[in-house]
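Here is a short note for your first look at this model. Keep the sequence and the structure open as you read.

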2 protein chains.
Amino acid sequence: MPLDLAAIRAAHARIRPHIHRTPVLTSTRLDAATGGTLFFKCENFQKTGSFKARGATNAVLSLTDAEAARGVATHSSGNHAAALARGARLRGIPAFIVMPANSSAPKIRAVEAYGGQINFCAPTTRAREETCARVIAATGAMLIHPFTDERVMAGQGTAALELLEDCPDLELILCPVGGGGLLAGTAIAVKSIKPDIRVIATEPAGADDAAQSFAAGHRIPVDQPATIADGLRTGIGEPNFAILQRHVEAVVTVSEESIVAAMRAILETLKIIVEPSAAVPYAALLERKLPAAGRRIGLILTGGNLDLDALPWLKT
Amino acid sequence: MPLDLAAIRAAHARIRPHIHRTPVLTSTRLDAATGGTLFFKCENFQKTGSFKARGATNAVLSLTDAEAARGVATHSSGNHAAALARGARLRGIPAFIVMPANSSAPKIRAVEAYGGQINFCAPTTRAREETCARVIAATGAMLIHPFTDERVMAGQGTAALELLEDCPDLELILCPVGGGGLLAGTAIAVKSIKPDIRVIATEPAGADDAAQSFAAGHRIPVDQPATIADGLRTGIGEPNFAILQRHVEAVVTVSEESIVAAMRAILETLKIIVEPSAAVPYAALLERKLPAAGRRIGLILTGGNLDLDALPWLKT
């Protein structure tokens, strides 16, 4: 099934009973700080604490009974792992999750809480992929890739669908980019419904492979990502990059300082918890890298799984 | 004007254009942790970050033009100060705020941001009252007491009004008690609309003057309050205590450890910011001090003005 608006609408119909319709928050203070009129789509309130519940649930519920019979598998250190474990439990099938041994304790607990079966591996891409391949060979489970899977991308696009229903007259939509699953779904949804809305990808300068790739016209692998935005350390996927090239107006990078300042402003002003990756679009506005003045701007707050023992402004 | 349901409804009509209708959040995980079905009224999302905007706005807008002409005054180290400053600005009159010199920087900034004129004083009740009396003598401003003022109490009662509109079939309502302004308004609103709902006051064991007073049958002054719940260090007011005696079923105290655990659970699970005082009702459920099992319970999350540089679980 190609990734198009029909696929995203079908995903929405499929997952709607199992996810939250998340609210859109506004703030006169954050508007004043940036000059724009901002609409924050709160995926930090989503099931499992991030938008990943959308894509993972759509993927699991899209499987035929034969495909689903032996369960699902993935490798992830983060939000996709918990989302897939929950999706599998909804369907009553096992989820085999390969996690690097240095994953944070809260992320491990979340996967366990949803009944995921964890296989730990060394913290390298190669070890993750090899371990995952071994688990799949042993179990017959279906691989659900965190961002190149089209069913996952279609599910992630449902957040933008809801945002456009609530705020039809947006002029800009800002979305973080890591592997590019959310960005792909968002771009397809937005450009299919209202092509005039500009879609801007935002990423940390310390993990700017999407910006480099966009400038070069071909994918440049991420080299030693260095950012607190742990959800955005992954390099962009191949199909995701193709969609980015076709549908995204610009890729904006932000400093670590801006990410921390943006995160803090969101916590203090909106009184909600977001993780560092979720603050990246607002950081781009704080850095004045986009013409915000007088514009109606949608921002996707991607997740709220923040480690409360390690707030970045308290690190010494 | 006596504090009754009519006064609370009139307050609601008066302040509604100037405050947020705050949402009521639910969480299957927090339900599972306590055995009840919980409804969190999110006054942390209220204007100025706490329910205090309700009472202060009602008081300021209730003044005659002659009463309002010379502005309003109060002494407060916390949320009432910012709320009164904002209320005065809405009406275009000055607000004279007496604050202890050791008030936290964020609280001082909030009052300044709303245009309040601050007079600092020594951090004792006596210095606060004397300084406030001097300011009133010099300016002719109208005293708006943070919790014994009936217009303030009526305004605070509007949070319960909204909660009962959204969740009419509650069986218990849990409310923190410090000076008792919110408790008084809540108790009158709830008992007037649906007398069967039990109203429970909750407070830190380290500032348990309401519990002691309730047991003794007369007011016992607060002696050296020791709690991180800075909004609840004040002793209960005289009219507030009379309402508590008449309308409140029980006063439950909680430990500092429970307050911190409750706060952390709310941040991690609801993904929202609350200040320590706001976590006290949920702490009472965590301590199993109330028969929660199977019951529909309303909790007022009173405010979200948390100092993000001083999270209690990070103190060493």
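1. The chain contact. Chain B gives 13 residues and chain A gives 13 residues to their contact (C-beta atoms, placed from the backbone, within 7 Å). The chain B side that touches chain A has 7 nonpolar, 3 polar and 3 charged residues. Ala, Val, Leu, Ile, Met, Phe, Trp, Tyr, Cys and Pro count as nonpolar, Asp, Glu, Lys and Arg as charged, and the others, Gly among them, as polar.

2. Ground rules. This is a predicted model: local features need pLDDT of at least 70, side-chain atom pairs count only at pLDDT 80 or more, and totals for chains, interfaces and linings use all residues. Residues are numbered from 1 along each chain as its sequence is written, while chains are lettered from A and ligands numbered from 1 in the order in which they are written.

3. Two helices in chain B. Helix α10 (residues 181–193) of chain B packs on helix α12 (residues 238–247) of chain B at about 40°, with axes 9 Å apart. Helices are DSSP runs (H or I, at least four residues), numbered from the N terminus. Axes are lines fitted to C-alpha atoms over the stretch in contact, and angles run from 0 to 180 degrees between N-to-C directions.

4. Who touches whom. α10(B) uses residues including B:Leu183 and B:Ile188, and α12(B) uses residues including B:Ile243 and B:His247. This contact of α10(B) with α12(B) has 6 nonpolar, 3 polar and 1 charged residues.

5. Domains of chain A. Domain 1 of chain A covers 5–50 + 150–314, and domain 2 covers 53–143; the bounds come from an automatic or database domain assignment. Their C-alpha centres lie 24 Å apart.

Conventions: Two residues are in contact if their C-beta atoms, placed from the backbone, lie within 7 Å.
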